[in-house]
Amino acid sequence: MKKILIIIGVVIIIFSMAKIKDLSPKFKIPLAEKELELQMGQVPMGMNQGGLNMYSNKFKRGYGDAVFGSDENGIWLGGAEFDDSPFNVDMDGALAAKSATFKDEDNTTIIDAGGLVSTASFPFDSVAGSSTQVTNSTSYVDVSGLTLEITLEREARILIIATVRGLIGGAPDDNTSRFFAATINRNGAIRPPIVLSGIKYGDVGGYTTIYQTQTTHYVESLAAGTHTIKLQFRTSNGSYNATIKRDDTRLSYIVLGK
Amino acid sequence: MADIDFQIEFEGFNEGQSPLSHLDDKTFIGNKGQASDMKADIISNPGFLTQSPALVDLTNGNQDGVVDQLIRHILDRPTGTDTTFAIGTTKLFKLSSTTVNSGGSPSWPQAITNAVSGESVIRLKANLYGFFNRASDGEILKMPLANEVIDPIWGSDTDAALENAPHPVAIKEDVMVFGNGRYVGVYVEGSASLDVQKLDFGEGSEIADVVFNSNTWLIAVNYGEGKKGQVYLYDGSAISNILSDEAGVGDQEIGFLYVLNGIVYIAYHDNSSNGFTIGWLSGRQIKPLRYFSGSLPDHRQKALYKNTILFVSSTNIMSAGASVEQLKFQISTLADGGHATIGGIASPFGTPLIASTDGGSNHRLAKFSGYSVDSNWKSVFVDVTQGRLLGKIHTIIVNTKALVGSARCDLKIEGNQGVVESSEFEISTADKTRHVFRSIDLKAVEDMRLVLSYTNGDTTNTCPIRKVTALGNYVER
């Protein structure tokens, strides 16, 4: 046993004497690919991904003039910067746009690059009659064929216009007081003003019977729903016919905004 | 006593200079492949130490030819096949990879009216633009590449004269952004609009450099005589008058910015210390990478060489970077720069071009060619004591590539911080790859370093060293 221990001791001594100490200088240095790596969680100076640029005071996506951006001026589109963009909204909410298209619920364009599309933005209808119609009624009677229906999906302001051509009958030198009257009836309600027409005080005295034309209009707000408007006329004196020339008479409406 | 108590290996020379070599050229801090002092090529064949490249003047490239002044900036890209331009103190030069043009029509080099200091040249589409200072202000020249006729007052005719200041310049597509003292100027060729004061960084500021990277202009600005440096991001369209972002270097002066593989490197200087720094823009932080001594290079003194940044420091040409990413980032003194004052450097044709002057009548525009004998490498010092024992180096083994012709390098060992040294041993002999030197005549020392010198080397065949092993014993003195 003693012999074995001595041998082991000698071997250890010999081994330790023979071991060459490495004095080579050592200094740990990372590889370049590691050393030049952005650290986890480190915020880059400005964020760039392709054409996307995000800075502390500016955001831009795109190249050249094909840019969407925002900065202290506001937001913009279609220009390298806010000032030269065709579309922008400043911080006060002022919008500048080179063009726009607005559509209604039916996908119909109501505003486009040319402005309001009137056929879509201002629904209207108009009707005229034919031949003549005579009445000796002193109460209003409907003018045949001059009735319109308006259907509104929401409350709207309507301009209604009527042009009437008519005359009151009787001999020219008959000085009896008489007149022709016409009105617009909306949903049963007679709307002022009354249109007077058809009699004239002649140059030599007395009345003359000639066709005369007058126009009336009014604007009112109508509730959503269907409304009927019609033209009516009457004579002021049952002894004298009132004649309306329907060919030259017209009833129209236009909705002021859809 | 054992035959060998210790061994010291020196290898992996691609690691460049020690982290502290800029402060102490006898430092102990470093790795087995790092130098405490050096001027050698470790980037051409990483892992091997080879001689520095020599400089050879281009044809007509000195005062006996047409280079009769310091060339201050060289355009770092060709404008045509084997053609580029450079600007001197008063002249515009045209050159190829081998020759500085002389004569012709118009006659080269061309004098620039009233120029006293050329600052930079750049090609934008079909024209060359040159930035230079006059006696009291600055100017931009324009020269169509088609007819090479210089308009020496294009800048002031189009907008206004420049400040008398450095004028770094960079381009992207049809936009040119340049430094103009406290201002940044912008020229957009598409709209023919020049604004020499597009951005104003204020009194006491000076634009040090401008580069374009990742759809953004980066503008380096020094304040207060180089007491503070700042890097700003400016939107790529160069239309806005507002900066996008910024990162501060701190109370330090910026020399240049350089973009390589999408990374923005920055050379800067702490006025309170002896060293200079190469760092990179890491987030909003400027992260220092390596340090060097000498001088702070400016926007005219940077180039690409073998995937590393080549730059000027004092009278030397240095390299920073890794030849391949899987190696370590190194900084090393690669070569001598020629005359005492180095002007512009660039590598428009691959091989670096270096302009220099002695401040008198000698000037040159040279390129790397062959090997220089002004080349050496010194390891960091290694402590070789153990307790009260000193180290005695008795054997040196050098592994090289198979040497060719008269290739040679001399080796010696310095001890005790250079107070004592061994004789020189010649590493030479054609086809030999293992060189063993016994009986090193250096007494037992406390510390040692390896010194390799190419003073007696060959200018055609170099002696590439892969590994040096020193073997020694501990002895009592």
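This is a predicted model: local features need pLDDT of at least 70, side-chain atom pairs count only at pLDDT 80 or more; totals for chains, interfaces and linings use all residues.
In their contact, 19 residues come from domain 1 of chain B and 24 residues from domain 2 of chain B.

Next, display the boundary between these domains. About 1,600 Å² is buried there, with carbon and sulfur atoms giving 57% of that area. Two salt bridges are counted between domain 1 of chain B and domain 2 of chain B. Select Lys328(B) and Glu15(B), which form a salt bridge whose closest N and O atoms are 3.2 Å apart.

Now bring chain A into view. Here 38 residues of chain A are in contact with 55 residues of chain B. The area buried between the two chains is about 3,700 Å², of which carbon and sulfur atoms give 55%.

On chain A, β1 (21–22), α2 (32–35) and β4 (59–63) each supply at least two residues of the side that touches chain B. The residues of that side of chain A divide into 17 nonpolar, nine polar and twelve charged.

Finally, select β1(A) together with strand β1 (residues 6–11) of chain B. These strands pair in the parallel sense over two bridges. Within this pairing, locate Lys21(A), which stands opposite Phe6(B) in β1(B).

Key. Residues are numbered from 1 along each chain as its sequence is written. Chains are lettered from A and ligands numbered from 1 in the order in which they are written. Side-chain values use heavy atoms; hydrogens and water are left out. Contact means heavy atoms within 4.5 Å. Buried area is the accessible area (1.4 Å probe) that two parts lose on being put together, summed over both. Helices (H or I, at least four residues) and strands (E, at least two) are DSSP runs, numbered from the N terminus. Ala, Val, Leu, Ile, Met, Phe, Trp, Tyr, Cys and Pro count as nonpolar, Asp, Glu, Lys and Arg as charged, and the others, Gly among them, as polar. Two strands pair if DSSP finds at least two bridges between them. A salt bridge is a side-chain nitrogen of Lys or Arg within 4 Å of a carboxyl oxygen of Asp or Glu.
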